[in-house]
Amino acid sequence: MKTKFTTDTKLESEIAYFENINLKLESGDIIDSFKLAFKTYGKLNADKTNAILVCHALTGDQYVAGNNPITGREGWWSRMVGPNKPIDTNKFFVICSNVLGGCAGSTGPKELLNGGNFPSITIKDMVKAQSLLIESLNIEKLFSVIGGSMGAMQALQWTIDFPDKILNIIHIAGALKHSAQNIAFHEVGRQAIMSDPIWKNGKYFENNEVPERGLSVARMIAHITYLSENAMHRKFGRKLQSRDIISFGFDADFQVESYLRYQGKSFVERFDANSYLYLTRAMDYFDHDETFRKNIEFSHNPNNHLKYLIVSFTSDWLFPTIESKIIVNQLNSLSREVSFLEIDTDKGHDSFLLEEPQLDDVIKGFLTNNFAKIDE
C-alpha cells in the first residue's frame with residue numbers, strides 16, 4: 001500500500017493520500033485513490049498500545065480538540081479530549097479523521113472521481129478507509145474506538161469488521177440500525193436541499209454557488225431532533241425575540257425561531273450540501289439488526305477479550321435507550337464484557353457533546369481501568 005503524508009496548512013490538518021489503492025466500496029464501486037484529513041493529539045508510546053480512534057458524528061470533523069480553523073472555535077469535543085481530561089492526551093495518542101465522504105479535507109462529493117459522480121458510501125466504507133489510515137500509521141491494534149451518534153455506528157462497525165485490531169469500544173447514543181423515523185427526518189432534509197434551485201443536481205459548485213436555503217432548512221430540521229422537548233422549553237419556552245408583542249407576520253417572533261435560523265445560517269458556512277446528502281444516506285443504510293449477533297459470535301477471536309462501554313441518555317428520542325439495551329442484551333447473551341450506563345438528562349441526543357459530568361467520569365474510568373490492565 002502506497003501512502004503519502006502531507007500537511008495542509010490552511011486546514012491545519014495532516015493529509016494521508018492513498019494512491020492506486022482500488023478501494024472497493026460496499027456498493028461495488030471502486031475508488032482508485034483517496035485522501036483522509038486527520039488530526040492527532042498526544043504521543044504514541046514505544047509499544048504502540050495507547051492509540052485511540054475517535055469517530056465523529058454526522059456534521060463533525062477531525063477537529064475533536066484544539067482550534068478548528070474552519071469555524072474559528074474549539075474542537076467539537078474539546079472538553080473530553082486533552083491533557084488531564086477524560087480522554088487524557090498525557091496518556092493516550094488520539095486520532096480523529098474526517099470521514100470518507102466528508103468535506104473537511106477528506107475525499108468527498110466535492111471531487112468528481114473517475115470522470116463521474118461520487119459513489120454512494122456506507123459506514124462500512126468509512127471504517128475500511130479508517131483501517132487503512134491506522135495501518136499506514138504502523139499501529140497494529142487500537143486501544144479503543146470511541147464515537148457518538150454516527151460515530152457510534154463507526155465504532156460498532158469496527159467491532160464487526162476488525163475485532164482483532166481493537167481492544168475496547170465506547171459506543172454512545174447509537175443503535176444497531178437507523179430507524180424508519182430517523183430515515184424520514186433525513187429524507188425531509190435531503191428533499192430540502194435537492195429542491196433548492198441552486199442545487200442543480202449536485203453541480204452547484206461548478207459556478208461557485210451553494211444551495212444555502214435548502215441546506216439551512218435541512219440543518220434546522222435535524223437540529224430539532226438533537227434536542228429534547230424539555231430542553232427546548234427550558235431554553236426558549238415561548239419567549240419572544242427582541243420585542244414585546246408579536247408581529248402578526250413571518251419574522252422570527254420567537255427565540256426558538258431565531259435560534260434555528262442562526263443554526264441553519266452558521267451551518268451553511270462550514271458544511272457542504274452534497275456531503276450532507278451522502279453522509280445522511282450512509283447512516284440510513286446502517287443496519288446490523290439481524291447480523292450483529294452472528295458477526296460478533298463468529299468473527300471474534302476467543303483470545304481477543306474486546307470490552308464494551310455502551311452509553312445512552314434518557315431524553316434521547318433519536319436513539320432511545322431501548323436501542324442500546326438491545327446491543328447490551330445481545331453481548332450479555334454471548335458472555336462478552338460489556339458495561340452499560342443510562343444517563344438521566346433532559347438535554348436530548350446532543351447530550352454527549354454537552355457538559356455531562358457522568359459521561360466524563362464513566363469514560364475516564366473505563367479507559368483508565370482497562371489501560372492499567374495492559375501493564376499488569
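User: Is F185 buried, exposed or partly exposed?

Analyst: This is a predicted model. Burial is read from relative accessible area: under 20% is buried, over 50% is exposed, and partly exposed lies in between. F185 has 31%, so F185 is partly exposed.

User: Which ring pairs with F185, and in what geometry?

Analyst: Look at the angle between the ring planes; over 60 degrees counts as edge-to-face. F185 pairs with W317. Their planes sit at 65 degrees and their centres are 5.8 Å apart, so the pair is edge-to-face. W317 is partly exposed too, at 34% relative accessibility.

User: What parts of the chain does this pair tie together?

Analyst: Place each partner in its element. F185 belongs to helix α3, residues 180-194. W317 sits in the loop between β14 (307-313) and α9 (321-333). The pair therefore ties together parts 132 residues apart in sequence.

User: How do F271 and Y276 pair?

Analyst: They are edge-to-face, with 85 degrees between the planes and 6.5 Å centre to centre. F271 is buried at 7% relative accessibility. Y276 is buried at 2%.

User: How many aromatic pairs does the structure hold?

Analyst: It holds 13. Rings can also group: F92, F143 and F371 form one aromatic cluster.

User: How many helices and strands are in the chain, and how compact is it?

Analyst: The chain has 10 helices and 15 strands. Its radius of gyration is 21 Å, close to the 21 Å from the globule rule for 376 residues, so the chain is as compact as a globular protein of that length. Of those 376 residues, 53% count as buried.

Methods. Residues numbered from 1 in each chain as written. Predicted model: local features only at pLDDT ≥ 70, side-chain atom pairs only at ≥ 80, totals over all residues. Heavy atoms only, no water. Helix = DSSP H or I, 4+ residues; strand = E, 2+ residues; numbered from the N terminus. Rg over C-alpha atoms; globule rule 2.2 N^0.38 Å. Buried < 20%, exposed > 50% of the residue type's maximum accessible area, 1.4 Å probe, protein only. Phe/Tyr/Trp six-rings, centres within 6.5 Å; stacked < 30°, edge-to-face > 60°.
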